[in-house]
Amino acid sequence: MKHFEYRNGALLCDGAAATDLAEEYGTPLYVYSESALRGQVRKLRTAFRELDLLICYAVKANFNLAVCDVFRDEGCGFDIVSGGELFRVKKIGGDTRKVVFAGVGKTKAEINEALDADILMFNIESESELRRIDQVAREKGKVAPVALRLNPDISVNTHKYMATGSRETKFGVDLATATRFLGIIDELRNVRLTGLHVHVGSQIETPEPYASTLDRVAAFLETCRDAEMEVEWLDVGGGFGIDYRADQAAAPDDFARAIVPRVKKTGCRAVLEPGRFLVGNSAILLTRVQYVKQQGDKTMVICDAGMNDLIRPALYDGYHQIWPAAADGPMPGDQQALNADGENRIRVDVVGPICETGDIFASDRVLPPVEEGDLLAIFSAGAYSFSMSSNYNSRPRACEVMITDGAPRMIRERETYEDLIVNEIT
Ligand code: LLP
């Protein structure tokens with residue numbers, strides 16, 4: 001089922017008209033489809049049905065409580081990287097025994113909170129961290145379950161800021177170091193090895209990096225077993241790419257074909273940590289055109305959303321389809337392939353109001369003619385969009401709504417000017 005589609009010249013979000021939503025809640029406005037969120041979880045479950053699988057939603061992709069609550073309701077656990085994310089999981093009554101905690105900089109306070117919450121495992125990124133967790137656990141009279149995060153030295157074809165599996169990055173430990181860690185874990189009294197973890201990047205569009213990563217993990221698993229260390233969990237990480245453009249990423253079944261047999265062979269239970277796959281294409285950002293300005297040879301379409309609302313194009317050259325909410329649909333599958341010479345088309349830069357040259361959503365983009373006051377939809381805006389938004393230029397953050405069975409419900413109020421200064425002291 002299509003959750004965002006054009007019918008009779010109007011964009012519908014699970015049946016709700018985008019123009020009505022913008023009218024009622026104002027812009028910029030994030031619109032989520034609850035059934036899209038649920039559908040993505042089910043797609044993964046189906047593709048990986050042969051595994052004993054725990055899906056831990058990567059909260060960083062979209063931390064909204066209502067979004068997390070949908071995943072809790074679908075039986076997911078959570079992949080967290082901070083005490084703040086753990087706080088959110090607890091707020092929605094998530095099962096903290098289904099929480100995995102990654103990240104290279106866990107503080108003592110965060111380790112304490114996670115031990116109190118009896119999380120499933122800490123993903124270990126360095127020796128100092130391993131020793132710190134042991135120490136904090138000892139002070140509490142607990143034994144911390146840990147998974148070694150391996151850095152398999154795999155390069156991934158994605159933006160360089162989203163590649164995490166090569167040796168040059170700060171993530172994980174190389175296999176020689178990990179072997180040494182086995183001895184340390186054996187000595188330490190208050191940590192116990194329960195898993196191995198890998199996460200080699202984000203927006204991975206083909207299955208191959210998973211296959212080569214897991215082959216290296218399987219070899220290391222033998223090292224663990226030779227050392228008589230039992231490993232219950234294999235955490236394969238997240239990273240499954242999505243279609244920002246048509247047919248850009250492999251399907252869940254393709255990823256599963258690379259992952260399932262390899263994990264099955266190990267006899268381990270599996271964790272997946274998808275973020276983008278679950279939320280990316282489950283939301284759009286609606287923005288109102290404020291001005292259309294001619295600048296030299298260019299036409300600038302200036303919107304009321306900016307890089308403070310959605311920083312992906314500015315930070316990663318991220319591509320998002322953009323199309324008017326009132327247009328003769330359907331939206332072309334691959335907007336990039338459009339030719340400006342085509343019928344009734346213009347070529348524009350879509351930009352925000354922020355005082356930064358990089359505040360550009362799209363350069364040289366082909367659109368139907370756009371006028372001041374028109375509503376534009378920025379697609380694939382569920383992941384790393386609101387969660388990376390800020391108050392830069394003292395702009396209140398956007399409103400978020402979720403559509404359930406065709407009915408909208410606000411899941412985050414638009415911030416006010418007062419919200420901007422709430423923690424400031426003069
Ligand atoms: N697990 C770990 C340890 C991670 O670091 C991440 C993402 C995930 C899981 C989830 O990855 P996903 O399934 O969403 O690809 N801000 C960037 C993406 C950064 C990803 C950070 N780590 C963007 O906007 O594309």
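Visitor: How many helices and strands are there in the protein?
Guide: The protein has 12 helices and 20 strands. Helices (H or I, at least four residues) and strands (E, at least two) are DSSP runs, numbered from the N terminus. This is a predicted model, in which local features need pLDDT of at least 70 and side-chain atom pairs count only at pLDDT 80 or more, whereas totals for chains, interfaces and linings use all residues. Residues are numbered from 1 along each chain as its sequence is written, and side-chain values use heavy atoms, with hydrogens and water left out.

Visitor: Let us turn to Lys106. Where is it, and is it buried or exposed?
Guide: Lys106 lies in the loop between strand S7 (99-101) and helix H5 (108-116). Lys106 is buried, because its relative accessible area is 3%.

Visitor: Which residues does Lys106 touch?
Guide: Not counting residues up to four places away in sequence, Lys106 touches Phe101, Ile111, Phe122, Asn123, Glu125, Glu129 and Arg132. A polar atom of the Lys106 side chain lies 2.7 Å from the backbone oxygen of Asn123.

Visitor: What about the aromatic pairs; how many does the structure hold?
Guide: The structure holds 11 aromatic pairs. Rings of Phe, Tyr and Trp (its six-membered ring) pair if their centres lie within 6.5 Å; planes under 30 degrees apart count as stacked, over 60 as edge-to-face and the rest as tilted. One of the 11 pairs is formed by Phe48 and Phe240. Their ring centres are 6.1 Å apart and their planes stand at 35°, so the pair is tilted.

Visitor: Which parts does that pair tie together?
Guide: Phe48 lies in the loop between H2 and strand S5 (53-58), and Phe240 in the loop between strand S11 (233-235) and helix H9 (252-266), so the pair ties together parts that are 192 residues apart in sequence. Phe48 and Phe240 are both buried.

Visitor: How do the rings of Phe240 and Phe277 stand to each other?
Guide: The rings of Phe240 and Phe277 have centres 6.5 Å apart and planes at 85°, so this pair is edge-to-face. Phe277 is in helix H10 (residues 276-279) and Phe240 in the loop between S11 and H9, so the pair ties together parts that are 37 residues apart in sequence. Phe277 is buried, as is Phe240. One aromatic cluster is formed by Phe48, Tyr210, Phe240, Phe255 and Phe277.

Visitor: Next, Thr287. Where is it, and which residues is it in contact with?
Guide: Thr287 is in strand S13 (residues 283-295), and it counts as buried because its relative accessibility is 0%. Leaving aside neighbours within four places in sequence, Thr287 is in contact with Thr27, Cys303, Asp304, Ala305, Asp374, Leu375, Leu376 and Ile378.

Visitor: What does its side chain make a polar contact with?
Guide: The Thr287 side chain makes a polar contact with the side chain of Asp304 (2.6 Å). A polar contact is a pair of N or O atoms within 3.5 Å; within protein, one must be able to donate a hydrogen and the other to accept it, and residues adjacent in sequence count only if both atoms are side-chain atoms. The Thr287 side chain also reaches the backbone nitrogen of Ala305 at 3.0 Å.

Visitor: Now the backbone. Which peptide bond is cis?
Guide: The bond from Thr27 to Pro28 is cis, with omega near -5°. Pro28 is in the loop between helix H1 (18-25) and strand S4 (29-33).

Visitor: What is phi at Asp364 and at Tyr384?
Guide: Asp364 has a positive phi of about 50° although it is not a glycine. Asp364 is in strand S17 (residues 360-367) and is partly exposed, with a relative accessible area of 43%. For Tyr384, also a residue other than glycine, phi is near 55°. Tyr384 lies in the loop between strand S18 (375-378) and strand S19 (399-404), and it counts as buried at 15% relative accessibility.

Conventions: Buried < 20%, exposed > 50% of the residue type's maximum accessible area, 1.4 Å probe, protein only. Contact = heavy atoms within 4.5 Å.
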